[in-house]
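Hello,

Here is the structure I promised to pass on. Please have a look, and then read my notes below.

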Amino acid sequence: MSKVAEYLSEHILGEVTTNKNTLSAFSTDASVLSITPEMVVYPRTTNDIRKIARFSWQLAEKGHILPITARGAGSDQTGAAIGRGVIVNTTAHMNSLFELDSKQKLVRLQPGVLFKTLNDSLALQGLHIPSAPSSAAYSTVGGAIANNASGILSGKYGSTKNWVHQLEVVLASGDVLQTGRISKRELNRKKGMQTFEGEIYRQIDNLINDNQELIDSEISSDIRDNVGYSGIEDVKRSDGSIDLMPLFLGSQGTLGIVSEIIMRTEFLNTQVGIGALAFDSYDAARDAIDDMKQLEPSILEVIDGQQFEAAQKRGKKYAFYNEARQQSEIGAVLVFGFDEFSERVRRKKEKKVVKLLADKAVYLVIARDTSEANELLLLRDVSSYLLDPTDDEQSAPPLVDGAYVPSERFEDFAAAVALLAKKHHVSMPLYGHAREGVFYARPQLHLKKVSDKQKIFKLLGEYSELVTAHHGHLIGESAEGRLKAPFARKQLSDEVIDLFAAIKSIFDPQGILNPGVKQDVELKALVAMLRPDYDLRSLANHSPSN
Ligand SMILES: Cc1cc2nc3c(=O)[nH]c(=O)nc-3n(C[C@H](O)[C@H](O)[C@H](O)COP(=O)(O)OP(=O)(O)OC[C@H]3O[C@@H](n4cnc5c(N)ncnc54)[C@H](O)[C@@H]3O)c2cc1C
């Protein structure tokens, strides 16, 4: 054990390890990148995290950078949950649910709680948090906040940032910040404090005042764009009040480490009307999406038929798809859901679906009971079957997940993606959350082959250009991390890049919090980080059907 690891081990309640196997296990997340850390720390308390940060800060003052990467379950797909210094893993001990205030529908918890565990517990009280990502069974609430994750209900209920009420954050200096909206008067008091927190309030307030026009014109937008520190738009209100919390949402551990959370919750309706439609072409499905959107479904997933074919080759069969396939070739499948509390309203909407689309679809099923509904809902997990490698070690890693494309541009975009895939001799079936316009494409690759490794960055670059050309955003869901940052940042003006850099240096002047994430990274450096294989089976409890 190094002296640094020994020092930390002596001073915190949690454990510190430099065991080779552990370091290897923490050297990957769910991205195609890999970095071996110096040590892994399992903090037990906020105070442990404070001590780690304080120690790293003091080392930085002496010229030695010991980076800190906060980590939940490590299911990040952008290489943001790996780093060369200390990995601070919250899942081991900081995974308690503290209290539920059912009157105010607020729940207080630690960051290492799995999202599904939280929602399962809330369900006992008739509540839930509807922004859960599809990885909820094996990813944490802290990770979801740091990535601003979203899921199948986000088209109706928004992403995780809409459900965070308050955060306790350990700052780079080891000081602890409680977020919350403070009045202009309170802000002036904070700005007078001779602490790191006071310094942050002073500098952020000045930064916003100096850049209000830029923020209003280039960052404020209704369109989904999660890149950089776009939360800056929500920090200061016209009454002069400030809340720093929006900056941490989607910041991937680069501004502070979340140590405690208060989330807002919503009433849960377990009686959701679920159905699925199969179409002979993607274009036909796209037209149906426009009709479906008018009915305001809570779920509207579109899945390319190719994904079902690929899953079949891996041994996974879906009864719905097979039955539809008997009628015709299947271009795309739509899975929809209505979650209105009134059964009458749900039934009315289902009838409208039949009226509008029964003739246009090849096959239509509306679930009659929970078991049928659950079976149809599983259709949306089909892409997970492609993540793990085949026997000849091909896999479909998530390279370009989560781009936002406006619906009026989607038809052209899908055609352009098909051409891109053809050019690079890969299959790139699209699927996504149709209501919000967020799409995924997972090209099938053989990561042991140099030629396929080279394709990764070509595909990323060219896909990102297509997204921009179709007026979308590469980072419509989750955040850009290491892998997508060089491409996502091309969509930003120099002024916005400077603004984001200024935010980073206010919170992390020594550059110790997850360096290399949400920053410019040389492609050469990323190439050196590429994994020789891609396999998610090591991800705790990872199972496509979760
Ligand atoms: C099969 C699959 C499906 C997925 N589906 C979705 C989806 O539907 N929607 C979606 O948005 N994402 C999805 N993801 C990506 C990922 O699972 C989510 O973003 C998830 O919320 C990350 O949680 P985690 O606990 O794994 O975080 P990690 O991967 O451990 O960390 C993610 C980021 O958060 C930071 N972080 C973690 N904990 C803290 C903390 N306490 N304080 C500060 N920073 C912290 C890390 O440094 C890192 O930058 C998917 C991933 C996989 C593999």
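A residue is called buried under 20% relative accessible area, exposed over 50% and partly exposed in between, using a 1.4 Å probe and protein chains only. This is a predicted model, in which local features need pLDDT of at least 70, side-chain atom pairs count only at pLDDT 80 or more, and totals for chains, interfaces and linings use all residues. Residues are numbered from 1 along each chain as its sequence is written, and side-chain values use heavy atoms, with hydrogens and water left out.

Let me start with the aromatic rings. Rings of Phe, Tyr and Trp (its six-membered ring) pair if their centres lie within 6.5 Å; planes under 30 degrees apart count as stacked, over 60 as edge-to-face and the rest as tilted. The structure has 14 aromatic pairs. In one of them, Phe26 and Tyr42 are edge-to-face, because their ring centres are 6.3 Å apart and their planes stand at 75 degrees. Phe26 sits in the loop between α2 (20-25) and β2 (39-42) and Tyr42 in strand β2, so this pair ties together parts 16 residues apart in sequence. Helices (H or I, at least four residues) and strands (E, at least two) are DSSP runs, numbered from the N terminus. Phe26 is buried at 13% relative accessible area, and Tyr42 is buried at 16%.

Tyr431 and Tyr440 make a stacked pair, since their centres are 4.7 Å apart and their planes at 15 degrees. Both of these tyrosines, Tyr431 and Tyr440, are buried. One aromatic cluster consists of Tyr282, Phe410, Phe413, Phe439 and Tyr463.

Finally, Lys355 belongs to helix α13 (residues 343-357). With 74% relative accessibility, Lys355 counts as exposed.

Best wishes
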